[in-house]
Amino acid sequence: MNYDLIIAIACIGAVIQETPLWQNLLTYFGLDFKPFNCPLCLTFWASIPFFIVTTGWWFIFNSIVAAVAAELINKQLRRL
């Protein structure tokens with residue numbers, strides 16, 4: 001299992017949700033709905049292509065783990 005890739009994608013998915021640029025892009029293009037404004041959904045769907053290439057049939061499990069980790073990281077960022 002590729003733990004480094006899971007953690008990296010989770011961190012990117014969580015941090016991108018907190019940037020004002022991302023929020024402005026969502027508003028500008030009218031995409032302020034799921035899966036674009038939710039760290040769990042965005043990370044899940046964005047990580048599937050990476051994990052299909054790197055892990056084969058384990059891609060769904062790795063995408064779920066990365067998405068849940070992104071949600072937990074995002075909750076911790078909001079507490080700060």
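Guide: Below we talk through a few local features of this model, which is predicted.

Visitor: How many salt bridges does the structure hold?
Guide: The structure holds 1 salt bridge, and in that pair Arg-78 meets Glu-18 with their closest N and O atoms 3.1 Å apart. The pair links distant parts of the chain, 60 residues apart, since Arg-78 belongs to helix α4 (residues 59-79) while Glu-18 sits in the loop between α1 (3-16) and α2 (20-29).

Visitor: And is Arg-78 buried or exposed?
Guide: Arg-78 is exposed, its relative accessible area being 60%, whereas Glu-18, with a value of 36%, is partly exposed.

Visitor: Switching topic, where is Thr-43 found?
Guide: Thr-43 is part of helix α3, which covers residues 39-55, and it counts as buried because its relative accessibility is 2%, under the 20% cut-off.

Visitor: What lies 2.7 Å from a polar atom of its side chain?
Guide: That is the backbone oxygen of Pro-39.

Visitor: Which residues is Thr-43 in contact with, leaving aside neighbours within four places in sequence?
Guide: With those neighbours set aside, Thr-43 is in contact with Ile-9, Ala-10 and Gly-13, and also with Ala-66, Ala-67 and Ala-70.

Visitor: One last thing, which peptide bond is cis, with omega near 10°?
Guide: The bond from Lys-34 to Pro-35 is cis, with omega near 10°, and Pro-35 has its place in the loop between α2 and α3. As background, most peptide bonds are trans.

Notes:
Residues numbered from 1 in each chain as written. Predicted model: local features only at pLDDT ≥ 70, side-chain atom pairs only at ≥ 80, totals over all residues. Heavy atoms only, no water. Salt bridge = Lys/Arg side-chain N within 4 Å of Asp/Glu carboxyl O. Helix = DSSP H or I, 4+ residues; strand = E, 2+ residues; numbered from the N terminus. Buried < 20%, exposed > 50% of the residue type's maximum accessible area, 1.4 Å probe, protein only. Polar contact = N/O pair within 3.5 Å; in protein donor to acceptor, adjacent residues only side chain to side chain. Contact = heavy atoms within 4.5 Å.
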